[in-house]
Amino acid sequence: MKENAVIPKDQKIFHTDELKELGLSYYKINKMVLDGMLERLNKSHYENLVYEGEENDFYYVMAYTKTGVVCLLSAAVYYGLTNYRPDSIDVAIPKKKNITTLPEWPALNLYYFDDYRYNFGISLVEEGKNQFQIFDIEKTVIDIVYYRNKIGIEETKEILTNYLLRPDRNINQLIRYSKMLKCYDILNTYLEVLI
């Protein structure tokens, strides 16, 4: 073990293995918890309490749900498609996964996706040493159209309208995703009204 091992101040969440790679023993990790430098989140993840970078609640998603992907309204906010601010983070996980421990904060709203809905359109966002998974913008829009009754019709219309105004929109990708996820007719109806 390195005698003067320290944790970098530019990483928010650490897995126990990452702390051990930095030369920290379990004793030293526990001492850092007692000293207020780390906070234990669950069996294998710690929050860096001396973190000095940009704050983003999405960094917690992978600590609590290893396969979690930011989705629906949370992803729409990330892409600037809505002004609505949800009070929890929408997270998609595979249907067969069992998540037993969730944080009190930030609140995670889990959506159990079938494999055909979960397994594509995932992007890994890396911000320095911090990262999270999120569905790409077209997948986000299609998922919102699919879940329009849960999301709200007005919110769905706002998100789709804002997407269509973007110069980087990819209508072909949007239509391809809608066919894959069996909501092409619904998307087509929205597009006929909005375009």
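I searched the whole structure for salt bridges (a side-chain nitrogen of Lys or Arg within 4 Å of a carboxyl oxygen of Asp or Glu) and got 9. The model is predicted, so I kept its limits in view: local features need pLDDT of at least 70, side-chain atom pairs count only at pLDDT 80 or more, and totals for chains, interfaces and linings use all residues. Residues are numbered from 1 along each chain as its sequence is written, and side-chain values use heavy atoms, without hydrogens and water.

I looked at Glu47 and Lys12. Their closest N and O atoms are 2.9 Å apart. Glu47 lies in strand β3 (residues 45-48) and Lys12 in the segment before β1 (13-15), so the bridge ties together parts 35 residues apart in sequence. I took helices (H or I, at least four residues) and strands (E, at least two) as DSSP runs, numbered from the N terminus. Glu47 is buried at 10% relative accessible area, and Lys12 is buried at 5%. My cut-offs were under 20% for buried, over 50% for exposed and partly exposed in between (1.4 Å probe, protein chains only).

Next came Lys139 and Asp143, bridged at 2.8 Å, N to O. Both lie in helix α6, 4 residues apart, about one turn. Lys139 is buried at 0%, and Asp143 is buried at 0%.

Then I checked Asp168 and Arg166, with closest N and O atoms 2.9 Å apart. Asp168 is partly exposed at 48%; Arg166 is partly exposed at 22%. I also noted that shared partners join Lys12, Glu47 and Glu55 into one salt-bridge network.
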